[in-house]
Amino acid sequence: WMGTYYDANGVESEVEDAITGSDGVTRPVIRLPDGRAVPKVTEYKHLGTPLQSGWEGRFDAARKKVVDKCVQVIGMIGRIDVLGPKQIKRAIDLAIGGIIGYYARATPMTYANCAEIENARLRVLESMGICSSTPQVAAYLCPEAGGLGHQHAYQWATAAYLDQVHRAMNGGTGEPAREAMTERIATTCRRMGCEEAPISWHPE
């Protein structure tokens with residue numbers, strides 16, 4: 001387990017891994033029912049990505065890992081000179097979709113992260129003579145509108161994160177992910193003035 005707390009000044013600190021009770025005995029904060037102590041960590045891997053307990057910079061390493069992997073694989077695809085525009089589109093979309101579809105379930109990607117990935121895509125398309133890197137819209141417009149129909153990395157990131165929310169919401173009764181997600185949604189809705197079911201309150 002790992003955890004942090006905020007003091008009265010809003011400063012985040014690590015929760016200590018042991019507390020001293022009124023009897024003077026120091027005990028681990030968390031124990032299993034059989035008495036075994038649960039070890040405290042400051043970092044753990046989730047979906048292959050290390051996450052640290054503190055909030056500041058929590059996703060930096062994970063986001064960099066996703067960007068680096070995507071940029072690397074786009075560069076590799078760009079070196080396959082026998083691929084045509086449709087094959088390049090399919091290969092890059094599958095590669096980005098696979099990488100982001102895995103990691104972005106636990107790591108919310110920023111638009112800036114996705115823009116880095118897309119800059120690599122546009123450089124490859126331009127170097128292969130398929131599409132100019134500016135204006136960028138040409139790569140993403142549907143073919144009927146004169147574009148190449150590529151999917152932006154932010155679309156993949158959004159889809160992955162929302163699918164994780166969907167899975168949590170559809171978990172079994174009492175499952176931790178479902179309990180946590182429904183509580184956060186309810187709290188957020190109340191803060192926004194919603195006192196009924198969100199869909200009926202604001203259908204859009």
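Start at Arg 121, which touches Ile 74, Ile 92, Asp 93, Ile 96, Tyr 140, His 150, Gln 151, His 152 and Ala 153, leaving out residues up to four places away in sequence. A contact here means heavy atoms within 4.5 Å. Arg 121 sits in helix H3, and with a relative accessible area of 0% it is buried. For burial, the cut-offs are under 20% relative accessible area for buried, over 50% for exposed, and partly exposed in between, using a 1.4 Å probe and protein chains only. Helices are DSSP runs of H or I with at least four residues, strands are runs of E with at least two, and both are numbered from the N terminus.

Before going further, a word on what you're looking at: this is a predicted model, where local features need pLDDT of at least 70, side-chain atom pairs count only at pLDDT 80 or more, and totals for chains, interfaces and linings use all residues. Residues are numbered from 1 along each chain as its sequence is written, and side-chain values use heavy atoms, with hydrogens and water left out.

Back to Arg 121. What does Arg 121 form a salt bridge with? The partner is Glu 118, and the closest N and O atoms are 2.6 Å apart. A salt bridge is counted when a side-chain nitrogen of Lys or Arg lies within 4 Å of a carboxyl oxygen of Asp or Glu. Glu 118 and Arg 121 are three residues apart in helix H3, so about one helical turn separates them. Both Glu 118 and Arg 121 are buried.

One of the residues that Arg 121 touches is Ile 96. Ile 96 belongs to helix H2 (residues 85-103) and is also buried, with a relative accessible area of 0%. Setting aside residues up to four places away in sequence, Ile 96 touches Cys 70, Ile 74, Gly 101, Ile 117, Glu 118, Arg 121, Ala 153 and Trp 156. Ile 74 and Ala 153 turn up in the contacts of Arg 121 and in those of Ile 96.

Asn 113 counts as buried because its relative accessibility is 11%. Beyond its neighbours within four places in sequence, Asn 113 is in contact with Arg 63 and Val 67. Pro 108 lies in the loop between H2 and H3, and its relative accessible area of 22% makes it partly exposed. Pro 108 and Gly 193 are 85 residues apart in sequence and 26 Å apart in space, C-alpha to C-alpha.

A search of the whole structure finds nine of them. In one, the side chains of Asp 68 and Lys 64 meet at 2.7 Å, N to O. Asp 68 and Lys 64 are four residues apart in helix H1 (residues 60-78), so they too are separated by about one helical turn. Asp 68 is partly exposed at 39% relative accessibility, whereas Lys 64 is exposed at 53%. Another salt bridge pairs Glu 183 with Arg 184, the closest N and O atoms being 2.8 Å apart. Glu 183 is partly exposed at 37% relative accessibility, and Arg 184 is partly exposed at 47%. Salt bridges that share partners also join Lys 89, Asp 93, Glu 118 and Arg 121 into one network.

Finally, zoom out to the whole chain. Its secondary structure comes to seven helices and six strands, and from the N terminus on the elements run β-β-β-β-β-β-α-α-α-α-α-α-α. The radius of gyration is 23 Å, well over the 17 Å that the globule rule gives for 204 residues, so the chain is more spread out than a compact globule. That radius is taken over C-alpha atoms, and the rule is 2.2 Å times the number of residues to the power 0.38. Along the principal axes, the C-alpha atoms fill a box of roughly 75 × 45 × 35 Å. Buried residues make up 25% of the 204 residues. Among contacts between residues at least 6 apart in sequence, 54% join residues at least 24 apart.
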